[in-house]
Each structure stands twice: as C-alpha cells, then as structure tokens.
Amino acid sequence: MRGCSVADVGLSVVPLICGRCAARMTAGKEQVAYQCSGCGSVWELAGGRLALREVGHFAGNGTIRLPFWYASFSINCLEGCIDDSAGFMKLCGSAKSSAAVSEPPFVFVPAFSLPAQQAIRLGRNMTVRFPTLQTSIAQELSIEPVTLSEVDAPLMAELILLATLVEERRNNPSFLASFGAVLSGLRLVSIPFMREGNRLIQSGMNLEV
Amino acid sequence: MATIVFKCPHCGGPFECAEGDRGSVCGFCGVTSVISGDTGVHRLLIRERIDLNAARTAVRKLIATGTKSHEDAASFSFTEGTLIFLPFWRVRGMAMGWQWREKETFREEFDYDENGTRYTRTVKGPNERSFSLLAKPLDFSTPAGDYTVFGQVRAGLAAAVLKCEVMDYPDAAARATVVDPLKGIAQARQEALAMTQGSGDSNGSIRREARVRISSEWLALTYYPVWRLLFTRGDKVYPVTIDAVNGDVVKCRFPGAEERERFLPLALIALLVLGWTTMPLVGVAATALAAYLLKWRTGTLAVSSIITLLAGTPERSAGVQRG
C-alpha cells in the first residue's frame, strides 16, 4: 500500500571520539555540541559525522562559561526593515542612548539548558542592554553543555526579540503577523558568569541566572 | 518514552537510546555515542511478540469463552493470517511561538427599579487583548491513516513504553504487509500544533492569532504490528484483528449459535386447544396463561414475535464482538 511519500532519514550512531586528540568525549541526553576534556575543542554532528565548531569567548569575571548563540539581526515588520540599533531601540521603547546607533543590533540566545521562559527573559535582558563585550585572548576554554542547536536558535531568537517589544506593538495583531527576524553571522560564544550560591551572576551586564 | 535499540559503532553491542535523546553511553564498552540524523522522518518498528499460532489460539479462546460453547468455537475454521504493520506518527519537540487573543468581557451592574427592587444586569465591557509567548514541550502521536477497519489499536500508548528498532523496510515488507501512511507529515505537525494551541483557555475569545512552530523536532513513523486473521463458517468470512504485541483481540464479530424453540410452541398450542375444547371459562384461563408464558419468554406480546415463536424460526444467541 503506497500513500504519501515520506523522505526517510537514516539513523546512525556516531561514537564521540575527539578528532584532534582521539580522547573519548562524554555527552548529556540533550547536548548538541560536545567538548573534548583533553584538548578543549568543540565538536558537533554535521552530515552524519563530527565536525569542529569554532567558539568565540568573551572576556569578563567568572569561571563558569555559559554558551550563547550570538548574531546580528534585522527585523521586518509593519514599520519596515529595521537593521540598526537606533531603529531597534525605538521599536522596543528603550530610552538608552547608544554611541553606535547606526551599528547593527545583536541578539543573545542562551544555548545552555534552561527552562524556555527563563531563557527568553535572559536573552531579552542581554539583547536590550546592548553590552559591549571584548574577546578573550584565552583559547579552548571549558564551556557548559550546549543544548540548543544552531537550527533552533533563530526560532528562539524571534521569541526573544518579540519579548523586547513594547506592549502596544505586542497587542497589535497586524504588527505581530508582519513580524519576522533575520539573523546573520550566527556564532557560538561563551560568556563568563560567577557562581554565588545557587545563582550565576554576570556583574558586567548586571545579569543573574 | 520509547527506547530505540541500535548497534554500538565501537564494540557492536546493543546500544539503547531513549526516543528523542541525542546520545547515550554503551553499556558494554562505555563509549558515548550520539544519534546522527535528528532531522527528517525516522522509521521505527515495534517487533511482534506473538506468532500466528498464538494469535489463532487467542481467537479460539475468546470464541469459546464468549459463546460458552466449545462446539461453536470449533465450527469456525481458520483460513489465513497476515501480519500487518500500521504506521503511527510521533512528534516530539518544543512548541514555540506566540498567541494573541481578543476576548469579550462582561460585568454585572446592580440597579433599582421604580418599586425599589434591586436587579442585576450584565453589561459588555471593553474587549481584552492578551499576548503570550509560547514555549512548551510537545509529545504527540496519531495514527497515520484511518484504521477503523482494524479497530482501536492503542499503539500510541504502547509505542511510548516498548522497545523500538530502526526499521529495515525490505525485511519488514518480506514478512508482513507494511501499510504506508496516508496522513502526511504536514498534517501530523498541524494536529500536534493544534493540540498545543487548543489547550489554553478559549472562553469568550472572539479573535485569535497565533504563530507556533516546532523546534528540536523529532519526527518518527512508528510501525505497530497487528495480526489480521480470517475465519470462515459456511460461506461467511469473519475477519479478526489481534494486537501482535500483547495478544489482545482488538476487533472481531462472531455470531452465536442458532437456537430453535420447539417445546414451548407445541405446549402453547396444546394448552389453547385443550382449554377451548373443555369449556369457555377454561379457554379464557388457558389464553391468559399462554399470554403470560409468551410475555415471559419473548419479553413482548407483539404479533411478529408471537409468530416467530410459534413458527419455530431460528434465533441467534449472543455472539462475540470486539471493537
């Protein structure tokens, strides 16, 4: 009996062995990128095999490095295409004055295991604060497990950007229907946080997880 | 959650992974492995646990128990049996998006009429608009076709706890009939998303907009085994569906044995003849007694049932029916 056609995808099992130093890697159930504890390289599945993933590290105080997807974005909505920080600030009702208003805005999408609502809140806070981050000179730093895949990052980014909008816009169905975000230059970065009891603090951005 | 059994790429031992998980550790060699191909449709198969003989026995037992007659069970002869794999869609992931609602609001106002009697009236208030971001886990399964002919196969529930294996289509097709899905991926996704959106409060909603998509999607077609057996009696064919995992008879319909009433019609006729030939009063009493007996036996005094009884037309006893 033949009904609708279904494109089959072969399921195969790939052993987690570091392609650089041949050490065995470990992985949690939800993890999508795997870091070698020997050489610190980060690997992910691509086309049925492990491929090296570049991770950018931002400088700051703290020993726990949380992974984020980081990208510049433009928003298409009723008010046109918004691709600079000034336009985005206007859209989200931010009164903050930024020196680089003509620069593209950046969105932060938490890539570590966190309940969805908390991840949206954290991403929103980081995005609307327009943090100035400096790249760390250290390489191959240990990062927390990555659980959000690159494919899913744009969807989460759209929710984070919707959460930044002022309420009048969120209550306008025509605006919502027209809303769409386009990410460019998506990359995986790590940001250091300090542990204080059960909380993780990023003092530079005044953030708490 | 279903467990999928693979072969460990490092040591070749059986490697088990929960459905939707991306990786697991091999219990034999301790190497962590990850599942490749987490996008697209995976075909998984649940193996049958009972063979054809066990399925036949289950049906015979059911007929014997249902009709309380071993002769009756033996009167049905087995003709053929086919193993069939029925596909079920399984959608797991995270439903993410937004929902916007406009609701009517009402409030109660109290007032007094000219007699000073207090009364209440309901007044429409301004419409209430609400926006919410949606991000919640999704776990949905639905038949990939219309299986009413097979009865209610509870595969969705069973597939969540049983061990599955990656389907070897040629092997499965060689030993069984593999039903292809009639319901497409898009429809399965749509149903899953509708379930997510429909679970909220929709009382008084006059307008609703939403854009919800599935992230971290795990889409699988799980094939569930059933036995389809054919029994015959005379020139009639009786199909039976049996769950090939737990041996439950899912759908069948076997009629009971024919019963022909012989004693009661003769006794009633004899009673009436005797009564009316003796004297009219005894005839009236005999008629009343006959009516009572008819009512007791057939439950009604309808002319058709009286004729059926007196003519000795055969009646069927309750048979066995499932599904």
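This is a predicted model: local features need pLDDT of at least 70, side-chain atom pairs count only at pLDDT 80 or more; totals for chains, interfaces and linings use all residues.
Residues are numbered from 1 along each chain as its sequence is written, and chains are lettered from A and ligands numbered from 1 in the order in which they are written.

The contact between the two chains draws 40 residues from chain A and 41 residues from chain B; two residues are in contact if their C-beta atoms, placed from the backbone, lie within 7 Å. On the side of chain B that touches chain A, two or more residues come from each of β4 (32-36), β5 (41-45), β6 (77-103), β9 (128-143) and β12 (205-233) of chain B. Helices (H or I, at least four residues) and strands (E, at least two) are DSSP runs, numbered from the N terminus. This side of chain B comprises 21 nonpolar, 13 polar and seven charged residues, where Ala, Val, Leu, Ile, Met, Phe, Trp, Tyr, Cys and Pro count as nonpolar, Asp, Glu, Lys and Arg as charged, and the others, Gly among them, as polar.

Strand pairing also links the chains. Strand β1 (residues 12-15) of chain A runs antiparallel to β4(B), to which four bridges join it; two strands pair if DSSP finds at least two bridges between them. Within this pairing, Val13(A) lies opposite Ile35(B) of β4(B).

Chain A is divided into domain 1 (11-53) and domain 2 (55-208), with bounds that come from an automatic or database domain assignment. Eleven residues of domain 1 of chain A and twelve residues of domain 2 of chain A take part in the contact between them. On the domain 1 side, four nonpolar, five polar and two charged residues are found. The centres of the two domains, taken over C-alpha atoms, are separated by 26 Å.

Chain A also contains an open, antiparallel sheet of three strands in the order β2-β3-β4. Its edge strands, β2 (33-35) and β4 (49-53) of chain A, each pair on one side only. β2(A) and strand β3 (residues 42-46) of chain A are antiparallel and are joined by three bridges; Tyr34(A) has Trp43(A) in β3(A) as its bridge partner.

Chain B has 17 strands and eight helices. Of its 323 residues, 30% are buried, that is, with 20 or more other C-beta atoms, placed from the backbone, within 10 Å of their own. Among contacts in chain B between residues at least 6 apart in sequence, 69% connect residues at least 24 apart.

Terms used. A residue is buried if 20 or more other C-beta atoms lie within 10 Å of its own, exposed if 12 or fewer, and partly exposed in between; C-beta atoms are placed from the backbone.
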